[in-house]
Each structure stands twice: as C-alpha cells, then as structure tokens.
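Subject: Structure handover and notes

Dear colleague,

Here is the structure I promised to pass on to you. Please keep it open while you read the notes that follow.

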Amino acid sequence: MKRGKSKADAPKKADGRLSVKKGPERTGKKPRKTKADKDPNKPKRPPSAFFVFMEEFRKSFKEKNPNNKSVSVVGKAAGDKWKSMSEAEKAPYVAKAAKFKTEYTKKLAAYNKNQSGGGSHDADEEDESDKSSSEVNDDDEEGSGEEEEDDE
C-alpha cells in the first residue's frame, strides 16, 4: 500500500537564522525596569557585627602583616577568626552593631518624615523669604500698635 508524502513525513530543515522578534511582535515581554536614582541624603545602612569586627581586625592584621596587599587574604583570615570566636567574645561587636542600628532607625525615621510630610515646613520658610524686609519687620512689631492698614 503506497501512501503519499505529507508535510509531517518530510524531513525538517533547520533554519540557520535565529528568529528574533522585533517591533510590535515583542509586546508580550514586559519593559525593562530601570534602577531608581539613589538619594544622597538617605542614611546609610548600619554595619553588621561582623563588619564592626572587621574594622578592628584589619588594623591589627595590617600591623602583623605589613607586606600583604591582598584584600581576600584579610577577609578570609577575619572570617576564620570570627567563626572561631565564642558568643562572649562577639558580644562587644554585637552591642556596637545594635547601637549603630538604633541610630540608623532614628535617622531613617526622620528622613522618611521629611520625605513624606516635610513640605509644609519648607513652604512656611519660603513664604517668609518672599516678603520684603520691611514686611518682615512689620510682622515683628505687631504688638507695638503702629500697624498700617492699607487694605481698606
């Protein structure tokens, strides 16, 4: 029984070109997100207990090994020392880190408050600076009884 060749039976040829969708055909993908600009006034995150330890360890390691130029060697040595330390030895670093964290939370709360609700305070200062010096002085002398009423 002879049967005719169908498209499914035909050997598939590999297309040498990669199919790249361009233009409106690419609408299925989400647009790339760009990074938001960093605010230079935002407080920096506090260091962890390990990084507080690292500051001190770097100084002592540099004194013992003045010829060492490799950052990775210092980091590995500090990590090994940190792992071998007991909780009691780590306690002062943990306490310093906690202190830095509380300061950071206060600064961050003040920063967030200024970002969200700080506009009214700034507007008051701008209103005062828009007045001429004579008007500002008149506001200060209101209690003296020498007010000028030009409105009427």
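Helices are DSSP runs of H or I with at least four residues, strands are runs of E with at least two, and both are numbered from the N terminus. On that basis the protein chain follows the pattern α-α-α-α-α along the sequence, with five helices and zero strands. Please note that this is a predicted model, in which local features need pLDDT of at least 70 and side-chain atom pairs count only at pLDDT 80 or more, whereas totals for chains, interfaces and linings use all residues. Residues are numbered from 1 along each chain as its sequence is written, and side-chain values use heavy atoms, with hydrogens and water left out.

Of the 152 residues of the protein chain, 12% count as buried, where buried means under 20% relative accessible area, exposed means over 50%, and partly exposed lies in between (1.4 Å probe, protein chains only). Among contacts (heavy atoms within 4.5 Å) with a separation of 6 or more, 69% are between residues 24 or more positions apart.

The largest nonpolar core consists of twelve residues, namely Ala49, Val52, Phe53, Met54, Phe57, Phe61, Val74, Ala78, Trp82, Met85, Tyr93 and Ala97. H1, H2 and H3 each supply at least two residues of this core, and H1 gives the most, with six. A nonpolar core here is a set of buried Ala, Val, Leu, Ile, Met, Phe, Trp, Tyr and Cys residues joined through side-chain atoms within 4.5 Å. Leaving aside residues up to four places away in sequence, Phe61 touches Asn68, Val73, Val74 and Ala77.

Helix H3 (residues 87-117) has 31 residues and reaches 43 Å from its first C-alpha to its last, close to the 45 Å expected at 1.5 Å a residue, the expected span being 1.5 Å times one less than the number of residues. The buried residues of H3 are Lys90, Tyr93, Ala97, Tyr104, Leu108 and Tyr111, and what covers them includes H1 and helix H2 (71-84).

Glu56 is found in helix H1 (residues 49-64), and counts as partly exposed because its relative accessibility is 43%.

Best wishes
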